[in-house]
Amino acid sequence: MMRLVIRSERPLFLRELAEPLRRLLPAGETDRFSADERVADILNRAAAYRPFCREDDWAAEVAALRTLMTLLPENGRRVAFGVQCLPVPAGLPVPLLTLLEGWMIREEDWPPALFSPLAMLWLQAVGARPLARLEGRFAQVEHGEGVAVIRLESEARGDGTDVPVVKERRQHEEEHIDEGMYLLQANLDDSSPEWLAHVLDRLLAAGANDVHFLPATMKKSRPGVLLQALCYGSRLDELKTILFRETTTFGVRYFPVSCHRLARRVVTATTPWGDVPVKLGYHRGERVQAAPEYDVCARLAKQAGVPLKQVYQQALLLAESAEAQTRQEEEGGVEKWKREEEIPQKDAGRLCDE
């Protein structure tokens, strides 16, 4: 796990952050399509804040955002970002204050125009979290204009017992504890079941991570339903609006929660009836969960006229060998890369000449 800490002497802009990170993280580790998808997601969320940013600043920030998303692929490289106290302009417009939620900040006499909404949304997207103090050895420091990025090395054992704490991390290739989650609750005793099915679909489409209903006894002993939805903090307002518009509730409870997520990978189990994706979960490096994809299993069972549980059991049985094969291929790729890196300089020159 690479630990990087951002420290800025003035309001943070991505265009000033891009160059230090380019020197710390080699480019070319993600495909352009994947990077563009993540950029588009951030720009969509940033649209409401664009009127508060100058046009030339906006264009420069978008260009820097594309560079940073290329440097930070979804898979492969493990990077944990920390941010020390952020300077922000005094008197920011009220709509921009929502971008500061959860951060340690200090107001200074900068013009409100010197604030980048894209920088704050990028920090959310990469799962950065506030740091009160630095801890560890300074392994490398790269700086730009008014900003520094510090690579820290800690005394951690590196044996898989350290689970990083992040905020709103949407990639789950490694185990982590996400502190950027909210749990919403609404008590309902006069909503049609058909309406609730519609609400569930609306909430999931709006970005809820999980939605479920629990039986409840309401006042006057009326039977009711407790609706619960889990979401990232950035989706909180949208989900509240759906609950108010689509249910009969007059109030929504919500509170911050932490979610400990297992590291995940997907392997393909080749059963006699067809291929089944199986999601595997790892806790501190040990596989503790395996879940075949239900829709695929159900389709194959129906086509073959066999019990669904038979397809499930076969997929689980074959998942272990599929996992071993995937790991062997990955380790083989790493070894090949190492051998190529170890080509002596004179041999490399000879190969180039040829």
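This tour moves through a predicted model, naming what to select and what is found there.

Residues are numbered from 1 along each chain as its sequence is written. Because the model is predicted, local features need pLDDT of at least 70 and side-chain atom pairs count only at pLDDT 80 or more, while totals for chains, interfaces and linings use all residues; side-chain values use heavy atoms, with hydrogens and water left out.

**Stop 1: helix α1**

Select residues 14-24, which form helix α1; helices (H or I, at least four residues) and strands (E, at least two) are DSSP runs, numbered from the N terminus. The term denotes a side-chain nitrogen of Lys or Arg within 4 Å of a carboxyl oxygen of Asp or Glu. R23 and E19 are four residues apart, so about one helical turn separates them. R23 is partly exposed, with a relative accessible area of 37%, and E19 is partly exposed at 38% (buried means under 20% relative accessible area, exposed over 50%, partly exposed in between, with a 1.4 Å probe and protein chains only).

**Stop 2: α1 against α3**

On the α1 side, the contact is made by L14, R15, A18, L21 and R22; on the α3 side, the residues include D57, A60, E61 and A64. Contact means heavy atoms within 4.5 Å. Next, select R15, R54, D57 and E61, which are linked in a network of salt bridges.

**Stop 3: R45 in helix α2**

Move to helix α2, residues 32-46, and select R45 and D41, which lie four residues apart, about one turn of the helix. Their side chains meet in a salt bridge of 3.9 Å, N to O. R45 is buried, with a relative accessible area of 13%, whereas D41 is partly exposed at 31%. Now display Q124: its side chain and that of R45 are joined by a polar contact of 2.5 Å (a pair of N or O atoms within 3.5 Å; within protein, one must be able to donate a hydrogen and the other to accept it, and residues adjacent in sequence count only if both atoms are side-chain atoms). Leaving aside neighbours within four places in sequence, R45 is in contact with L121, Q124, E168, R170, S234 and R235.

**Stop 4: E174 and R169**

Select E174 and R169, whose side chains form a salt bridge at 2.9 Å, N to O. Both E174 and R169 are buried. The structure holds 20 salt bridges.

**Stop 5: two loops**

Most residues other than glycine have a negative phi. Select K220, in the loop between β10 (210-217) and β11 (223-232); phi of K220 is positive, near 60 degrees. K220 is exposed, at 73% relative accessibility. Finally, select R284, in the loop between β14 (274-283) and β15 (286-292). R284 is not a glycine, yet has a positive phi of about 55 degrees. At 39% relative accessibility, R284 counts as partly exposed.
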